[in-house]
Amino acid sequence: MAEQLAGPGWLRFSGWNLRYLQDLYEQYEDDPQSVGEEWRQFFKEWQPPAPPEREIGEEGFGLRAGRGYGADALKTAVAASLLVTYIRNYGHLAAEFYPLPKGEREDTRMMDPASYQLTREDLESIPAGIVWEHAPGDVHSAWDAIRRLTEIYTQSTAYQFTHINNREEREWLTRKVESGEAFGSFSSGERAALLYRLLEVEEFEHFLHHTFLGQKRFSIEGVDMLVPMLDEIVRFGIENGHEHILIGMAHRGRLNVLAHVLGKPYEAIFSEFHHAPNKNMVPSEGSMGINYGWTGDVKYHLGANRSVPDDNRKREIRLTLANNPSHLEFVNPVVIGFARAAQDDRSLVGPAEPSGNKALSVLIHGDAAFPGEGVVEETLNLGKLPAYQVGGTIHIVANNRIGFTTESRDGRSTKYASDLVKGFEIPIVHVNADDPEACLNAVLLACEYRRLFGKDFLIDLVGYRRYGHNESDDPMPTQPQIYRQIAKHPAVASLYATKCMAEGVLDSGKLESWRREIQIRLQEAHNRVKAGESAENRMQASVTAGAASLDQAATAVSLERLRGIAQSLLTFPEGFHLYPKLEKILQRRAQMLDPGGAVDWAFAETLAFATILQEGRPIRMTGQDTQRGTFAHRHLVLRDVETGEIFSPLHRVPGAKASFSIYNSPLSETSVLGFEYGYSVFSPETLVLWEAQFGDFVNVAQVILDQFLASGRAKWGQRSGLVLLLPHGYEGQGPEHSSARLERFLQSSAEDNWTVCNVTSSAQYFHLLRRQSFALGTEHARPLVLMSPKSLLRHTRAASPGEAFAGGTFTKVMEPADARDSAAVSRLILSTGKIGVELLEKWEKLPAETQRRMHLARVEQLYPFPEGEIRELLGRFPRLREICWVQEEPKNMGAWTYMEPRLRELAAARTIRYIGRPERSSPAEGIPDAHRAEQERILTLSFTE
């Protein structure tokens, strides 16, 4: 400390620092031993402090000679400090970041010195350092400080930083703003380039508006600065060595972003307008090809990719705009998943290692959807979690101040649309969309903050919406006052052009020549489309329907190899203290591959994962309690009971060539499933699995299922090999822990969009996982939806002998191993999942004669429907009269409505019967006794002739 204070002495200090030293010196005078040795040495070597007047320099400040401040002077200083604090905290209330009048007036009285009983004379008597520690040199008094700070915090940019608890971050942000570093200057050339970009944005919208009159485009007008802001983010990304910039946004301004940021040719966009159907013949949002199987998507949902050269590094940066449905904010976790996949190094053995500098995620939100959609909060919550963090996301709220026809007072309970992020300590900048240079400065602040601190940043781009919700919508009936203002309000390009001309950046002649140049370019592109000269739009990938299956994939693994893996999985680090009970459970696995042994479900999964890693395919698995397993069966992450140290046996698999990452997820389904879908799309070579705690929990993520997993391939040509593990089965646990809603997946099954299975043996699971891994990165890749077991996890009939892993492959329809007298069979009992095992147990107790007349088969793969296997099965029984479909689920749920028409097509004259629960509104009974009685009724009826 003495070294730090060496120098000119007391005169080096001012304000509250000086006051602190004076108090400490008084304490030293009273009792030298009451201060530290360093302070005693300091006070012994220095002279007593000079009277405060010498430091403050104003007699009128009410200081008394000798020690300290007078009471009145301290009250004045405190009041001035409170005023400064209020300006910093609430200056946004008086800021001019609204292009249009706000309507309501803010209470800004607490920014008036009079509210603190302060006069100009009072404030001029206080040195600036008292209230502003880092005041610039030209700010001398508290009066000067308050005037300067008021100017900083109430212009076209407003700041909200005080909710950030981290002192380093908060002080950095405050210093950047108050020092003026956040207000970068622009050369004449940079201003001219910015104006030209704004003219391109504006003229593009004008051309679409007049050429395709009445067609929807969700124009950017009112937040035109979004395009130059994205340009600036791309420039920053190139300078900072990012490899990917990943963007998610809804409809508003999307076509302009596609054209000018993603480089989508004008011809491609114009051709989509020419192919658009009559707006009176389609739903509200429109759909290309609506009469042709609902494939493809509307132009303002489509994504794109672009490579931008970085000449300095002799490489390219990849821009990606994600496809996005009308469910506005649900693309958020998908894009974050893209970013994490781009950042992870999966070539390492062990967990994948992320690097935040590899990829930058940018999310553009609507001001109504941002506080309105729960997926936003869920995605924000992922920001700092180890499984999902991406080194910070830049959020831009494209703030139109209106959603569809709903004004903000009817759409949110918070003051600002951005208030949601305060709980996550994300900095907020509100900026006027009519001040282009302020908008770019906000972007630079956001990018620099993200680079330094690896955290999210939000820019509230406050503008307006020039037309209605879309261009065929008349907003005057619902917002007449706002739209009278908008009709008179100049576009930002015109406003900035006026400013540039006034400052001599360009003249009116140059401005008009630029406009004509852009208009000619647009018209020529349109002429080529009309003349049929434009190339086919290649930016929307085609869907290859009916891709060949992987039924013959060689998924078997030799017993020798499996035993070597098993031994490595039971070898723990030296000195690792495993929970004794768990150690016994794991050690039992050592004998499972021996003759007479049987491999249970969890160990079959572990063996499958290990073999996949040996073959060079990375694995990522997440879900609630997934490391242990909801049912305490998996245990792929072990903890030392004495030290808490973490160890995963799959990080030591001999011969592994890729990473294995397994994480427990937050209590969320929508965001984490969207994230994993995005990860699987962006990293197609990785086996990505998401496990629900119970299968019905996936209900919460229905939008992700419907809009991405089920239809993403048909709409956008987007491939995913994501695996969903959904615990399913009726064990008397009530309505919320029985059904994974199998019927909903089967209802959406079409066009070879995914695979839906309900397997009943560990070997089947092993082969299915390996088959899925073989499809990754190929045209065969599809999501796999698996109704995974609960009670079957430890059921002896679900365990498989080692030979079942070393031979064979996945079987779509399973039958009992012992032979049947095909000539005697009159009833075929088909089922899927756990009830098939219960039927087998019941059948084994029947009289031999009854057994001969009944044949059981379990349909392990429901979609794609195993038509060939079932046809062959039916052909083996010449006296078959009756086919029964048995299920646990109610008649209006489960697989029955899916299976019935398909079985009837194959059954010829045979009777088709349903056996199961009657139609119900709730999936299962809530009373255990009622469950047992109903389950027994189903089993008994299945064998009653």
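**A mixed sheet and a helix pair**

In this predicted model, five strands form an open sheet with mixed pairing, in the order β21-β23-β22-β25-β26; strands (E, at least two residues) and helices (H or I, at least four) are DSSP runs numbered from the N terminus, and two strands pair if DSSP finds at least two bridges between them. Because β21 (813-814) and β26 (911-917) stand at the edges, each with a single partner strand, one side of each is left without a neighbour in the sheet. Within the sheet, β22 (residues 827-831) runs parallel to β25 (residues 882-890), the two being joined over four bridges, and Arg 827 has Glu 882 of β25 as its bridge partner.

Elsewhere, helix α11 (residues 226-239) and helix α18 (residues 436-453) cross at roughly 35 degrees, with their axes coming within 9 Å; axes are lines fitted to C-alpha atoms, for helices over the stretch in contact, and angles run from 0 to 180 degrees between N-to-C directions. Residues in contact (heavy atoms within 4.5 Å) include Met 229, Ile 233 and Phe 236 of α11 and Leu 440, Val 443 and Leu 444 of α18.

The chain has a mean pLDDT (the predictor's confidence in each residue, from 0 to 100) of 88, and 90% of its residues reach 70 or more. Over residues 1-8, however, the pLDDT is below 50, and over residues 51-68 it stays under 50. Where pLDDT is low, the predicted coordinates should not be read in detail.

Residues are numbered from 1 along each chain as its sequence is written, and side-chain values use heavy atoms, with hydrogens and water left out. Local features need pLDDT of at least 70 and side-chain atom pairs count only at pLDDT 80 or more, whereas totals for chains, interfaces and linings use all residues.
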